[in-house]
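User: Could you take a close look at the aromatic rings in this model for me? I'd like to hear how they pair up and where they sit.

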Amino acid sequence: MLNAYERRLIFFYLSNAVPRLHRRTVAARRMAEWIFEHEIQLICQSSLITCDTAQDAIEYWWNKKEIPALKWRHLGEALWNEYTTTRKARPDRTAQRLRQLGRALRLSRTDTAILELLLRYSMEPIIESMVDDVFNHRRTRTFNCRNSILSCLLGLSANTFFSRFAPDAPLVASGLISIDDDGDVKVMDRLMRLAWSPPPAGSDVWRMLLDEASPGELCWSDFDHVADDRDHIERILKGALRNGETGVNVLIYGPPGTGKTEFCKTLAARLDASLYVVGESDDHGGEPSRHERLQELRLVQRLLTKDRQSLLLFDEMEDLLSDEGGTVAALFGFRRSPGRRAGGSKVFMNRLLEQTPVPTLWTSNAAPQTSPSLLRRMMFALELRQPPPRVRARIWTRQFVHHGIESDEEDARTLACEFDVTPGVAFGVTAAARLGHGSIDDVRRGVRSLSRLLSSETPPVQPATKKFDPTLIHTDVDSVRLVESLAGSNARQFSLCLQGPPGTGKSVFVRHLADRLGLEVVQKRASDLMSPFVGETEKEIAAAFAEARNAAAFLLFDEADSLLADRRLAVRNWEVSQVNEMLTWMESHPLPFACTTNFGDRLDPATLRRFTFKIALNYLSPEQATVAFRAYFGLAPPPEVADITALTPGDFAVVRQKAEILGCLNDPQVLVEMLRAECEAKPDRTRPLGFQR
């Protein structure tokens, strides 16, 4: 049964409609039929008289094809009497919440009445039946800003009615209703919460329409690799909240899983601000459309206009801002029909960003797809890439503790170095290991399975630098003195180019130097940076320098001859442009970096003068070879070791591993023969060493 307030609404709608419907129309007869058919639901004091009057009207219509004027007037009077009888009915919960929302958004009574009719039509079958049974015989759209159904039921004049659906009218501008290209009017699905949701904890009913972000899993220190930019954003938002500034937009962009959303959550917690997410899902748990996300954004902005302790989070903004034509119409509440090309000016979307009353954090996996005119409206843009190994190790450690997985500090460090995976992967695989009551081995198995797919598994970790013996490096400079000089100075803007055969210790020397400088190493192989798509390699090169700069790390390029090849031998434009990109960044990079190559003679001549130090590594001298034999095998070196040419520290490491497998680690003569075989297998042992000019 209907409650008193619902009956009041129905009689209000019907009494408004009677004087606006002609007694000879089919709609008039359908209205009388609907009243008579719903007699039991409408019964209240004198409603039997109303139903009898409706029955008389029906009989006359079938006999005369019209309802006599007197009968039609009597029906209208009976309906009005019913309405006046129920006028004192207390508004139900939905009506009370709508009125509170109307006050919060400064809606007029007319706007609130329109909103209530649209909402109740969507959620109450009897209202839907009344509207459809009476008016849909015309084969018109039920609620359309170009027909008179809404104004008829609400008793509005034509001018008043049309003014409520102008693009800048409160109902449309707030996102509460939308109008598509055909003029169809639709109420925001989120308003259903006003009818079905339990009472809110506070006094602000409109907070039922907001979705607060869940707590983050990362800490402020987990973003130390972008500390300067991170702290700058904190200062911007702190000032914006304090002063109530409008048009504050901050972009957080980068590859998926790098912690963009987690950063926003951590930032909000740091500022002690509430973070509300926009458009994560519709009210049915499904994926929201672009129009629904924009409609929700506009509503939330209105609701939080005067709240100085709230932030908004709009994830994956390219879904909204990449298609200008599709969003301009949606901005003003007009939904584009499928397949129809939308036009419009970018000015409207620009204004949305410039006039937003709530500081908004936008995240994107593909920021370049966004229109430059919109990007210019951002106050700051932070690129989040993979965190460095020390940060990843800290994240792994915390995840192990959180999920109760037995591990030690070395396990976290090893995973961080072996797998260049995002924090999102760490969250997933540790949670999976917990579900399976697994161990650190299960975590490793899980991260390896995803790393194959994501191409984030890195080569094995280099030996710890504290085991590095600089006396086993044969260079054309005093490497020990060079390291001590650099470590003892305040210089941090220098570069090195290390050339020499494989295994001579180029990369491990750089790691040793970085360790003495107290810097972590960001290592990039040519295969990490080179792309088959034109222009992408240049972007990856720039990103590598940016990553090292943000992490305050020592940048190491392995296989640099692929990135710095002689431009005189280039046959394609992109071969020249990628060398130019490297040269540009080499000149301006503010931190140490090094390039290693096995083919120094293939480097572009212009690259050599960009390096502060050019170091050629050679094969071990006879004296060094005997020292290496004792260091790697713990045995007295046979005399013939000094006669073997082209030995490198890498050869000794390989032979030791091979001897351990074959069980001949204690036989000096066998070890010597293995070393000789390694040298004879080298195809370039007679090639000149050093930098060729």
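Analyst: Let's start with a cluster: ring pairs link Phe-545, Phe-557, Trp-585, Phe-593 and Phe-611. Here, rings of Phe, Tyr and Trp (its six-membered ring) pair if their centres lie within 6.5 Å; planes under 30 degrees apart count as stacked, over 60 as edge-to-face and the rest as tilted. Keep in mind that this is a predicted model, where local features need pLDDT of at least 70, side-chain atom pairs count only at pLDDT 80 or more, and totals for chains, interfaces and linings use all residues. Residues are numbered from 1 along each chain as its sequence is written, and side-chain values use heavy atoms, with hydrogens and water left out.

Searching the whole structure turns up 19 aromatic pairs. Take Phe-314 and Trp-362: their ring centres are 5.1 Å apart with the planes at 35°, so this pair is tilted. It ties together distant parts of the chain, 48 residues apart, with Phe-314 in strand β6 (residues 310–314) and Trp-362 in strand β7 (residues 360–364). Strands (E, at least two residues) and helices (H or I, at least four) are DSSP runs, numbered from the N terminus. Phe-314 has 0% relative accessibility, so it counts as buried, and Trp-362 is buried too, at 1%. Buried means under 20% relative accessible area, exposed over 50%, and partly exposed in between (1.4 Å probe, protein chains only).

Then there's Phe-494 with Phe-554: centres 6.4 Å apart and planes at 75°, so that pair is edge-to-face. Phe-494 sits in the loop between α24 (479–488) and β10 (495–499), while Phe-554 is in strand β12 (residues 554–557), 60 residues apart. Both Phe-494 and Phe-554 are buried.
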